[in-house]
Amino acid sequence: MRLARVRIARMPGIDEPFELAQLDTPHVVIAGPNEAGKTTVRRAVAAVLWPELVDAAAVDIEIEFRASGRRLVARRSGREVAWFRDGTPSSPPAVPPPRFAPCFQIGVEDLIAAEGDDARFAAELRRQMAGGLDLDAAIAARRERARRRVTRLREAQRLAEAEREVRRIQAAQRDLARRAGRIADLERQLDRARRIERERERVALAVRLAQARRRHARAGEELASFPSGLDLLSGREPEQLRRLDARRDEARRERDEAERRVADARERFAREGLSREDLARIDDDLLSGRGVAVAAAPAWPLPVMLAGAGLGLALLMLAVVEPWAGWRGALLAGTAASLGAAAGAWLAWRRAARHAAQSAREHAERGRDLAARVVRARDALAAIDRAERELAVASRRLGEIERERREFLDALGLDDAGTRTLAERVARLDAYRGLREEMRLAEREIADLEPRVDPALAQAPADDLARRLAETEEQRERIERLVGEIERLRAEVDGARRSDALARALAARDRARRELEARAADIARARIEIAILEHLRERHARDALPPALEQARRMFARITDHRWRLDLVRDDGGPGFVAVDVARGVPCPLDRLSTGTRMQLLLAVRLGFVATLAGGERPPIFFDEALAHADPRRVGAILEGLARVVADDWQAVHLTCHAIDPGRWAEASGGSERVRFVDLAAQRRLARHADNEPIGLGPAAPAEPFDPADPEAMFRRAGVPPLDPDQPPRRWHVWYLLEDDLPLLAQVLGAGIETVGQLEALIDAGGAEALAGPGRVADLRSRCAVAGKVAAAWRIGRPAPLSPGDLEAACDEAGVAGRWREPLEEIRSEVDGDAAALCARLERGGRDPRLRRFRAETAERLAEVLEARGHLDDREPLAGDEIVAAAIAAAGHRAPGAAGTIAPLVRLARALVERLERAVAVTDR
């Protein structure tokens, strides 16, 4: 009979339903941290096989078995169990009686019995073969009783104490009857006080209305001191104005640069000494062919010079030929004059020629200079034109920016010098909005209270209302005292009426008398019981022991590969055992066997006895942390033994909180197909312990109280972990809910409350009032509700990462075949747990050779399961303010008093959102 499926919708200690499927293998290993529900699974199986062992009405479970190839389902709701075989109503299977149910559970203490000496181990074997009944211990206990001698003095003391208790109860009842007569008078006083209390409630409503009106008026007065137009601001205006000013300054720099370039070009043009008209005229002269005249040397002095020279030569010859002395002198003088005139003309011509050449050179130099000036002047004109165009563009852009800036300031009601004013307004924007919000809340409270307040009281002065309220406060305290006293008296009277204390005291007195008389008979009875138990021990050794021993011998032989045999021997202490080495035929005392063999032997004895009990169906046998403290060699020995003993129609279920080595279990159990591993923490989406080690609970030492005056020391001592966005809010530390109220936080931590879930459980159990006071329970409940709603709103658009356990559970639910599990896990690791990326890979299908022939409908089912489990969410994440608003609205908070009582919850929601955002930022880095 194998366990195939477990569905637990409700059981004591289970707040969320879960299901374990595909368990139909010879070995099932269910691993998970403490408090994960491993023991609950075992109790659920026992609850349908032996319903009377789990007497709890809050049970809703369905267990499926495989027995002889047929499907056997048990459904239990409350205390009723219905069985179905292959879908048809059926009777329960034939299992051993309930008194033998513990035989199908092997725990740590059962295998620890393998340690110790030979006598202890043999005694444990005899107890196991007797179904857990230690006949030797029972006989020894009764022999101890038979040796006792009870004196009459002890019994007489008990009788005297019982008589004194009877007299005390009778006196207490008489006093209670006297005090019960005051109830009627107290009730009349209570009626009068309640009439005054009703007046107090009316006055309290009027006081709240007056306070709300004062807050509204005060907020209105403060708002009047703010400049107009603040409602138009968003807070980003200074930055916008700074950007406009930066653009304007840049445009001004561009305009100034263009003006400088225009001035430089105009200065260059002026340095050339030419006007635009001169350049135009020069262009016209060049076009008409006119040039600049150049002076030429005179042509006339050469003929004159030649004529003078010739005349001078003629006169000279005449003077020589003619010997006239008088004329000779005259002729010589004329000749000299003629030659002198010729020479002077020649010199004059030479000077004129040189002057003309000099003038020509000067004119050529001036022409070249003029041409260079013309070129420079034209370049300067072109530069002027370019600079003027750039100046026009820069001036136009500056004008547009100035116009945009004026329009921006006009829209805000500011002038050109409004930068500082705008900054001052934005700095006061938060205060303005806070006053607006306070005014809005006050208006809402006024609208809520005005219909409920007596009109006469609504117009009364606030001071008069406060005085009347103070006068009625004393009556309120008096009502509390009266109610408490009346309830206490009624409870005492009712308790006394229903109490059987007197009857029990009388019965105790009678019982003491009977015990005094029966003590002597008890000694004789103990002697008779000793004789009966000795007879039962002999009969068990003769009739019941051999079948169980034979089963144990067969299983021990199978576990040890038939290398050892268990034999029964007898000595003075009763039946004993010896292990025989079959190969050598040599007996070996039990205390000389190896530890692993001793554990195998003890296991064989237990299973042998269970086999004798299973006359019909064999229920699964549970190993609850049975291998927790064993070394790998011992674990291997036990698993190998179980692999040989557990047949196809039987099953072993191992419950452990330690790390699992699947390969070692599969190897020792006979193959991976014979073992089913279940990660219970992943199935139930619970947080794991650091290393899955059991958490020991030693004796609690007296703890020092937390000091609210030293928050850092409180934080370190409490060991507050970082806020994990992937954890459910019930696993968040209470520090994040109560860090604004350190005295209350110190009380909560001092009471051992560390998580929000613990705090919620404390509130639901009614223990929060004693811890925090009656006025804080509603606040604590609201804080827990806000934390839950913040977590729910935060999860929108932020899917949870996909862990290997999450993927395994989703594949199980979607019916993904086992051969796809390894490729899917590889892809999950490659995409770092991103379920959306994993589904995108599945949609592409054949592009990844690992996913060829992965069916589209299977991919769709897996995507639906991942979305249902919160790993896929294509919605847009909410912003921080949206999360706060959604959390406050969804928590359904209604401020019972002043409107400001909602402010702590808003601050709490914002603080939680900021911590979640920081946690995500740290994770991203």
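Predicted model: local features only at pLDDT ≥ 70, side-chain atom pairs only at ≥ 80, totals over all residues.
**Entry 1: a cavity**

I looked up the second largest cavity and got a volume of about 60 Å³. My search of the whole structure turned up 3 cavities of 30 Å³ or more.

Which residues line the second largest cavity? I wrote down Arg42, Val45, Ala46, Leu49 and Trp50, then Ala101, Phe104 and Gln105, and finally Pro619, Pro620 and Phe622. I also checked which element gives the most to that lining, and it is helix α1, residues 38–49, with 4 residues. Sorted by class, the lining comes out as 9 nonpolar, 1 polar and 1 charged.

**Entry 2: a helix pair**

Next I went to helix α20 (residues 711–718) and helix α22 (residues 742–750). Their axes come within 12 Å and cross at roughly 25°. Angles under 35 degrees count as roughly parallel, so I put α20 down as roughly parallel to α22. I noted the handedness too: the crossing of α20 and α22 is left-handed.

Which residues make the contact? On the α20 side I found Pro711, Met714 and Ala718. On the α22 side I listed Leu742, Leu745, Ala746 and Leu749. How do the residues of this contact divide by class? I got 7 nonpolar, no polar and no charged for α20 with α22.

**Entry 3: recap**

For the cavity, I keep the volume of about 60 Å³ and the α1 share of 4 lining residues. For the helix pair, I keep the crossing at roughly 25° and its left-handed sense.

Conventions
Residues numbered from 1 in each chain as written. Heavy atoms only, no water. Axes fitted to C-alpha atoms, helices over the stretch in contact; angles between N-to-C directions. Helix = DSSP H or I, 4+ residues; strand = E, 2+ residues; numbered from the N terminus. Parallel < 35°, antiparallel > 145°, perpendicular 65-115°, else oblique. Left-handed = near helix turned anticlockwise from the far one by under 90°. Contact = heavy atoms within 4.5 Å. Nonpolar A, V, L, I, M, F, W, Y, C, P; charged D, E, K, R; others polar. 1 Å grid on protein atoms, 1.4 Å probe; cavity = no way out; pocket = protein on both sides within 12 Å on 5 of 7 lines; lining within 4 Å. Points joined across faces, edges and corners; volume = space filled by probe spheres on them.
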